[in-house]
Amino acid sequence: MDLFEHQGKEFFAQYGMPVSAGEATFSVDEAVAAAERLGTPVMVKAQVHTGGRGKAGGVKFAADIDAVREHAGNILGLDINGHIVQRLWIEKASDIAEEYYASFTLDRSAKKHLGMLSKEGGVEIETVAEENPDAIAKIWVDPVDGLDEEVTRAWVAAANLPEAAVEGTVDILQKLYTAYTEGDADLVEINPLILTPEGNVHVLDAKVTLDGNSEYRHEDYAQYDETQPRDEREEAAHAKGLQYVGLEGSVGVIANGAGLAMSTVDVVNQVGGSPANFLDIGGGANADVMAGALEVINNDPAVKSIFINIFGGITRGEEVANGIIEAMNRVAIDSPIVIRLDGTNADEGRAILAPNLDDKLMMEETMLDAARKAVELAS
Amino acid sequence: MSIFVDENTKVIYQGLTGSQGSYYGRLNAEYGTQVVAGTHPKKAGSDVDGVPIYANVGDAVAATGATASCIFIPAPGVRGAVMEAAEGGVEFIVAITEGVPAHDEAFFYNDLKRSFPKVRLLGPNCPGIISPGKCNIGITAGHIAKEGGPVGIVSRSGTLTYQALYELKQKDIGVTTCVGIGGDPVPGTSFIDCLEAFEADPDTKAVMMIGEIGGSAEEEAADFIKNHMTKPVASYIAGVTAPPGKKMGHAGAIVSGGKGTAAAKMEALEDAGVKVGQNPTEAGELMAEIVANL
């Protein structure tokens, strides 16, 4: 789950990290009222789940209330990499002497936590990594050991931060690690971490991705789940507990298992079609799940045909077949369906489907043939 | 021969008293797996289908001589269950459970490496392991696999593991062992662990490897194949056309920041001499060609 910047800062603040006072707002009037309460100058910052906000004109300095009104009006509704700005973060402006970068994430190769610290902050870390890799000080933290102060201090020294920034940075990095581990984050990133002219180290931006699998032990994470960017189709699928990703094409895809669903999307593309979605109905393919999946796909106006690709492992073919037929009785499906059913008891399942086959429900022997048929019907 | 498990493997099921555990425990036993015990802290002395329940893995090992454990308990308890299994004395732990937080996985992976370096963990979030005709631990339907050899399978995805077994069975090709390593960010057993074991197994003559987008495990495997493997490998990578930034079901399956793409993985594998299919069927055909020329 990706957090908005302001949610990330609230998350960091819970762990005692210094962030600027601010308010999340949804209209120009709210933005102005927030700026009046905070006192100008303020920053007006677009809250979107994508990078490159500054370049797109989504982050502006406002010296006075008139400027807040102007910038808020311009930024709300702005399209940044396909994300429409609907919320703004109004934050007390900070004076900046220097900009650094700090983050923790899981290094899947090393199977340890990777901390990165650089005195070249404020730009994309990928750019720094390419142009000046020596400017990034990295440490790998064994989760069993954790990150103690001594190691943190050596790490900060390796990053060559100026003396004035050392104490504040050590303190923030230790808290950042605690937020990362206790908060079950996939990523915590501060860019920039700033040194103010007064010598304070301060968190000026926050990028946080939380592990959805940890929601059971963080009751407050439901609020973040609600603000995930989902289109209408994804929202409907999410409400039904389906693993759905919206795509741009016209062939609706239903498969069991994430790997097979991904593979189905691939095969549809390979035979010249274009999938409308990725949808994994999981191991069991009972009538309820199948009906829900068909409903979500049926409501997508772009869908012209539906490809159901099931490999019965433990799930038996006849259960799948009965599920499909029952689901079709419950939901009126507009587009023709092509089924490929293989694996456990596939013959029994095909026998159940056979008398129901017509120009709205077709069956093919293999994944490739079914994909070709579905693509042909969609064009 | 087979790798990791065979007909002599005695297995404890942590969570045998639950609905998933009892269902798959029964299926595994029917397949011929030595299902010797279950565990539950409050149900010691009872049984499930005649399989005795002990309070913990240590007691179950002492009573049965089990060497493996299969975990079917809900995600919040997996970290404790993995360490209980290692402390209890088993050598091989299969964690089927999905939805385990990544920080838990990173923690017990490193804790095991340090405190129990000889213990192998498979999973979490995996379909398990099957040495056809000998032992089936997990949720794979046993009858879709043909016994014998000469092919070993290692896969990151559940249903594509079944697809791979099935493609080979359709072509009358047997499998020594099929290992589902799971799609999570910190799998206990890696592609390389399995490739190494298959390379050492005299009955495995060729390996089928099913990968997917995200991370760099396939690239690392390609490097290993190039430098350390003499046996031929066929492969398929799922998610060739997955859009960047969209998580495709598995926690690990995401293309982000231009990394983890299928194209890069396929290129690395081809560079290592691996035959890479564009879809599971093609990968199966490539493997059939390899087997025909062995």
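Me: What ipTM does the predictor give the complex?

Reply: This is a predicted model. Within chain B, the average pLDDT is 94, and 97% of the residues score at least 70. For the complex, the predictor gives a pTM of 0.93 and an ipTM of 0.93.

Me: Why is chain B as compact as a globular protein of that length, and what is the radius of gyration?

Reply: Chain B contains nine helices and 14 strands. The globule rule gives 19 Å for 294 residues, and the value for chain B is close to this, so the chain is as compact as a globular protein of that length; its radius of gyration is 18 Å.

Me: What percentage of the residues in chain B is buried?

Reply: Along the principal axes, the C-alpha atoms of chain B fill a box of roughly 55 × 40 × 30 Å. Of the contacts in chain B between residues at least 6 apart in sequence, 72% join residues at least 24 apart. Among the 294 residues of chain B, the buried share is 61%.

Me: Which element provides the largest share of the side of chain B that touches chain A?

Reply: The contact draws 44 residues from chain A and 48 residues from chain B. On the side of chain B, the elements giving two or more residues are helix 4 (102-115), helix 5 (158-170) and helix 9 (280-292). The largest share, eight residues, comes from helix 4 of chain B.

Conventions:
Residues numbered from 1 in each chain as written. Chains lettered and ligands numbered in written order. Predicted model: local features only at pLDDT ≥ 70, side-chain atom pairs only at ≥ 80, totals over all residues. pLDDT = per-residue confidence, 0-100. Contact = placed C-beta atoms within 7 Å. Helix = DSSP H or I, 4+ residues; strand = E, 2+ residues; numbered from the N terminus. Rg over C-alpha atoms; globule rule 2.2 N^0.38 Å. Buried ≥ 20, exposed ≤ 12 C-beta atoms within 10 Å, placed from the backbone.
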